[in-house]
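Subject: Structure handover

Hi,

Here is the structure I promised to pass on. Have a look at it first, and my notes on what turned up follow right below.

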Amino acid sequence: PRTRAKYTLKAGAANRNRLRAAVAWFGEFSEKLSSFPSLQSERRNADGTPWYGDLSNILEVKNRLKCKSFAWFMHRFKHVYEDGGLIPKETFTLKDASHSDMCLTYEGSAGTSPDGRGTAVLAPCNGGERQRWHGANRLDKGECCSGLRAWNTDQCVTGVLDGKVSTFVCDVSGQNAHQAWKLESGQLKQRSGGFMQ
């Protein structure tokens, strides 16, 4: 067929190019990529150079076109990144009040959920990233936060299903009432209803 590629790619070429672009365009924020193990952003060749190769051609284009920095975009779109809870001021753990050694633990991986859904359970506290949470989604006034998000994911708390905390892709606009949660008196409480059981 006409849509069939007329060339072949070496194994790993797509990941290499994706990482080269991310490191070049994210600039000082590229260290965040180490939070995504599948990218292997810290892997080095035997000579100590990054495995994804030289970035000079990408940086040359970026400079020639006078592209803005990623920090500029984060400031320009503060209503999404900060007010929507994508870049939290702090992260925290949620411990079971009756068993202080048990923490709410997101069961998925960092990044985007493949099917948009996820779950969290109580598990022994270990200080790991899957036990970190932060405020998410906008409030009516426009600032953050009307819900709770699993750190480094696209998932926000929506309720309880089959004995597990259920999560779904965060609605950064704050319009999803199922994602409107807060901490009150040491318990999770839905903003329009009762406490999580």
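Serine 166 sits in strand 6. This is a predicted model, by the way, so read everything below with that in mind. With a relative accessibility of 15%, serine 166 counts as buried, because the cut-off for buried is under 20%. Leaving aside residues up to four places away in sequence, serine 166 touches Gly118, Cys156, Val157, Thr158, Gly159, Val160 and Leu161.

How many does a search of the whole structure find? It finds three. Counting bonded cysteines along the chain, they follow the pattern 1-2, 3-4, 5-6.

Cysteine 156 is bonded to cysteine 170, with 2.0 Å between the sulfur atoms. The torsion about that S-S bond is about 100°, so the disulfide is right-handed. The pair links distant parts of the chain: cysteine 156 belongs to strand 5 (residues 155-161), while cysteine 170 lies in the loop between strand 6 (164-169) and strand 7 (181-184), 14 residues apart. Both cysteine 156 and cysteine 170 are buried.

Cysteine 103 and cysteine 125 make another disulfide, S to S 2.0 Å. This pair also links distant parts of the chain, with cysteine 103 in strand 1 (residues 102-106) and cysteine 125 in the loop between strand 2 (117-124) and strand 3 (133-138), 22 residues apart. The link of cysteine 103 and cysteine 125 is right-handed, with 95° about the S-S bond. Are its two ends buried or exposed? Cysteine 103 is buried, at a relative accessible area of 1%, whereas cysteine 125 has 31% and counts as partly exposed.

Then there is the disulfide of cysteine 144 and cysteine 145, whose sulfur atoms are 1.7 Å apart. The link of cysteine 144 and cysteine 145 is right-handed, with 90° about the S-S bond. Cysteine 144 is partly exposed, with a relative accessible area of 25%, and cysteine 145 counts as partly exposed too, at 24%. While we are on cysteines, cysteine 67 is partly exposed, with a relative accessible area of 30%.

The largest pocket holds about 660 Å³ of space. Its lining has 23 residues, and the closest to the pocket centre are Lys32, Phe36, Leu86, Ile87 and Asn152. What is the lining of the largest pocket like by class? It has 11 nonpolar, seven polar and five charged residues.

On to helix 1, which covers residues 13-26. The buried residues of helix 1 are Ala13, Leu19, Arg20, Ala22, Val23 and Ala24. In general, an α-helix has 3.6 residues a turn, so residues three or four places apart point the same way. Which element do the buried residues of helix 1 pack against? They pack against helix 2 (56-64). Just after helix 1 comes glycine 27, with a positive phi of about 55°.

Aspartate 54 is in the loop between helix 1 and helix 2. With a relative accessible area of 55%, aspartate 54 is exposed, because exposed means over 50%. From aspartate 54 to threonine 91 there are 37 residues in sequence and 34 Å in space, C-alpha to C-alpha.

Last, the overall picture. The protein has four helices and eight strands, and read along the sequence they follow the pattern α-α-α-α-β-β-β-β-β-β-β-β. The C-alpha trace spans about 55 × 45 × 35 Å along its principal axes. Of the 197 residues in the protein, 34% are buried. Among contacts with a separation of 6 or more, 49% come from residues 24 or more positions apart.

That's the lot from me.

Cheers

How values were computed. Residues are numbered from 1 along each chain as its sequence is written. This is a predicted model: local features need pLDDT of at least 70, side-chain atom pairs count only at pLDDT 80 or more; totals for chains, interfaces and linings use all residues. Side-chain values use heavy atoms; hydrogens and water are left out. On a 1 Å grid over the protein atoms alone, a cavity is a set of points where a 1.4 Å probe fits but cannot get out, and a pocket is an open set with protein on both sides within 12 Å along at least five of seven lines; lining residues have an atom within 4 Å of a point. Grid points are joined across faces, edges and corners, and a volume is the space filled by probe spheres set on the points. Ala, Val, Leu, Ile, Met, Phe, Trp, Tyr, Cys and Pro count as nonpolar, Asp, Glu, Lys and Arg as charged, and the others, Gly among them, as polar. Helices (H or I, at least four residues) and strands (E, at least two) are DSSP runs, numbered from the N terminus. The expected span of a helix is 1.5 Å times one less than its number of residues. Buried means under 20% relative accessible area, exposed over 50%, partly exposed in between (1.4 Å probe, protein chains only). Contact means heavy atoms within 4.5 Å. A disulfide is a pair of cysteine sulfur atoms within 2.5 Å.
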